[in-house]
Amino acid sequence: MGTATRRMTVAQAVVEFLSKQYTVDSIDGVEYRERLIPGTFGIFGHGNVAGVGQALKQYQAADPTIMPYYQGRNEQAQVHQAVGYARHTRRRQTFAISTSIGPGSSNLLTGAALATTNRLPVLLLPSDTFATRAADPVLQQLELPYAYDITVNDAFRPLSRFFDRVSRPEQMFSAFHHGLRVLTDPAETGAVTISLPQDVQAEAFDVPEEFLAEREWRIRRPEAEDDDIRRAAEAIRAAKRPLIIAGGGVLYAYANEELAKFAELTGIPVGNTQAGVGVLPWEHKFSLGAIGSTGTTAANAIAAEADLIIGIGTRYEDFTTASRTAFQNPDVKFVNINVAPIDAYKHGTTLPIVADARKALVKLNQALGGYRVGADLEEKVAAEKKRWNGIVDEAFETRYTPLPAQNEIIGATNKVMDDQDVVICAAGSLPGDLHKMWRVRDPFGYHVEYAYSCMGYEIPGGLGVKRAALAEAAAGGPERDVVVMVGDGSYLMMHTELVTAVAERIKLIVVLIQNHGYASIGSLSESLGSQRFGTQYRVLDKEQHSFDAGENLPIDLATNAESLGARVIRIEPGEHVIEALGAAIKEAKAAPETGPIVIHVESDPLLDAPSSESWWDVPVSQVSELESTRHAYKTYTDHKNRQRKLLG
């Protein structure tokens, strides 16, 4: 007896297949089953309008719940929305994104790199040129005389965790099975790119019904090996000043409660990476807060003396290790717990534990029964926390006029947001300042994209988080406001997704900080002896061909946001900026779900956040005619001499 089939196009088969894929997860005996792909984004052109576009329309007409379609204004921004959604759902769900060929496809490249770098799943379906070459070359086709089979979409290969091209209808079976395998693998996940030639999308063939049946993808949560746990426990018992560095893997493993138990039983303090903010509430006795180049002085003081680093779910970005200057104990060793081998083996550790973070912590808690660090370490943790909290309090409460410091804006925003609300950011000076100063109480309350630190992520990423938060609330979860904090530089990169929020009447609160330039790189440039070159938004001085000293550009970003359909609240400079900002955020929070609200406030870009008493390695010119650069190079070499290989 032959297998039952259905005559349909490749695009129709793709859409129906994706509509029936489910992730299954188990946390402490509780089973979760959710749609892996709850919807598809798409911007249509000649490469996909007759393929995926037709399929989405056909299913929408039959039943809009089969595969909901969402508009966007930029292909890269659509990836950011999917990534924001994926992170808030702890990688159990993401979106598919369909594009046309040529620029529609290549616009996805930055988003693909961001997703892969952050280890977050997204399914990219860029269209491709004719597989048959019946029309050759087609509009927007890349022609390379030395390799005619290469298309624009081959650029996705190094940026994706999985890449395939469906040149024949029969290839889609293996392409999508392998693609979704990677999409749902906690160690391998990232951008999954399946290239769909425009003629193949519209080609009909007989699709087996079994391909279109519901399928479950269980999230793998591997146990730790007993020998690894034993060796790690021995190393911890032998340590005098151990320190935990908790990354995003703790949150993706739902291990924050087990981590709290581990810290409370052992007395080992916890510093967190950008992706790990929220693993413990900020006021928790053993929470040192952020660590590294954008860390707290508390975490960095403890790190400098630590003889054992217990990395849990971190990939050890250079900001986390302060470019390998954070750990100055000559005998420092590393125990690395990570579901991804590439991260478990970092820094040459001889104690890697390739396992789910929560399951590994459960075993460690059992193996370390009765162990606790010395009282001297607990006393130092308490003292360093008190010192840092005082520094942050002062930064939040010090008032500058007529323009406030960014510290004041962060403090005012933090103060009026509810514990379950989510702050969103990605690039500029804000991520570092938020990392060290934001006081988080909810494990879902902080979302800063800092693996790729992509300017423009903030608004579309925030919109993705808000979509996930609305679905969470509809399922009986907490109601969360999502607040995007973005500078004018990042806003100008990708603000058009405000139109998407307007179209769907999604309330996204955006705190838009106008400082007339790139404040973060301006400060970095000054520290490196380059005198804030090219970082300010100024009218061109034609004689010097300089943008450094002219008048501010006569732009009005508040009016720009209004022109896109957003409601705007303007905060005027003066003595009561911070009070007005707090009142505006409260007003926005109380508003109904009728669309985005942008709160426009100016700040002084020359007022810095408190120092982390740390360092970040950005090379300085070794020779220069500028005195400022020569001085910066001397400072650089002093820090460079403290840099370590960290093999242990």
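Which helices each supply at least two residues of the lining of the largest pocket? Select α15 (406-416), α16 (429-437), α18 (488-493), α20 (519-527) and α23 (627-640). Helices are DSSP runs of H or I with at least four residues, strands are runs of E with at least two, and both are numbered from the N terminus.

Before going on, note that this is a predicted model, where local features need pLDDT of at least 70 and side-chain atom pairs count only at pLDDT 80 or more, while totals for chains, interfaces and linings use all residues. Residues are numbered from 1 along each chain as its sequence is written, and side-chain values use heavy atoms, with hydrogens and water left out.

**Stop 1: the largest pocket**

Stay with α20, which gives the most to this lining, with 6 residues. Now show Ser429, Ser520, Ser523, Leu524 and Trp616, which lie nearest the centre of the largest pocket. The whole lining counts 50 residues. The space inside is about 1300 Å³. A pocket is an open set of points on a 1 Å grid over the protein atoms alone, with protein on both sides within 12 Å along at least five of seven lines; lining residues have an atom within 4 Å of a point. Points are joined across faces, edges and corners, and the volume is the space filled by probe spheres set on them.

Colour the lining by class: 20 nonpolar, 22 polar and 8 charged residues. Here Ala, Val, Leu, Ile, Met, Phe, Trp, Tyr, Cys and Pro count as nonpolar, Asp, Glu, Lys and Arg as charged, and the others, Gly among them, as polar.

**Stop 2: the second largest pocket**

Select Tyr32, Arg92, Tyr254, Phe444 and Glu472. They lie nearest the centre of the second largest pocket, which has 25 lining residues. Two or more of these come from each of β3 (30-35), α3 (75-88), α10 (256-266) and α17 (458-474). The pocket holds about 660 Å³ of space. Its lining divides into 11 nonpolar, 6 polar and 8 charged residues.

**Stop 3: the cavities**

Next come spaces that a 1.4 Å probe fits into but cannot get out of: the cavities. There are 6 of 30 Å³ or more. For the largest, select Arg119, Gly248, Gly249, Tyr252 and Gly313, which lie nearest its centre among 44 lining residues. Its volume is about 590 Å³. The largest share, 3 residues, comes from α9.

Move to Trp282, Gly289, Ala290, Thr296 and Trp438, nearest the centre of the second largest cavity. The lining here has 22 residues. β14 (287-290), α14 and α16 each give two or more of them. The volume is about 230 Å³.

**Stop 4: an open sheet**

Show the strands in the order β19-β18-β20-β21-β23-β22. These 6 strands form an open sheet with parallel pairing. Strands pair if DSSP finds at least two bridges between them. Look at the edges: β19 (446-448) and β22 (567-570) each have a single partner strand, so one side of each is left without a neighbour in the sheet.

Zoom in on β18 (422-425) and β20 (482-487), joined by 3 bridges. Ile424 stands opposite Val484 in β20.

**Stop 5: salt bridges**

The structure holds 49 salt bridges, each a side-chain nitrogen of Lys or Arg within 4 Å of a carboxyl oxygen of Asp or Glu. Select Arg6 and Glu16, whose closest N and O atoms are 2.8 Å apart. Arg6 sits in β1 (5-9) and Glu16 in α1 (10-19). Is each buried or exposed? Arg6 is partly exposed at 30% relative accessibility, whereas Glu16 is buried at 6%. Buried means under 20% relative accessible area, exposed over 50%, and partly exposed in between, using a 1.4 Å probe and protein chains only.

Select Glu305 and Lys380, which meet in a salt bridge at 2.8 Å, N to O. Glu305 lies in α11 (297-305) and Lys380 in α14 (375-397), so the pair ties together parts 75 residues apart in sequence.
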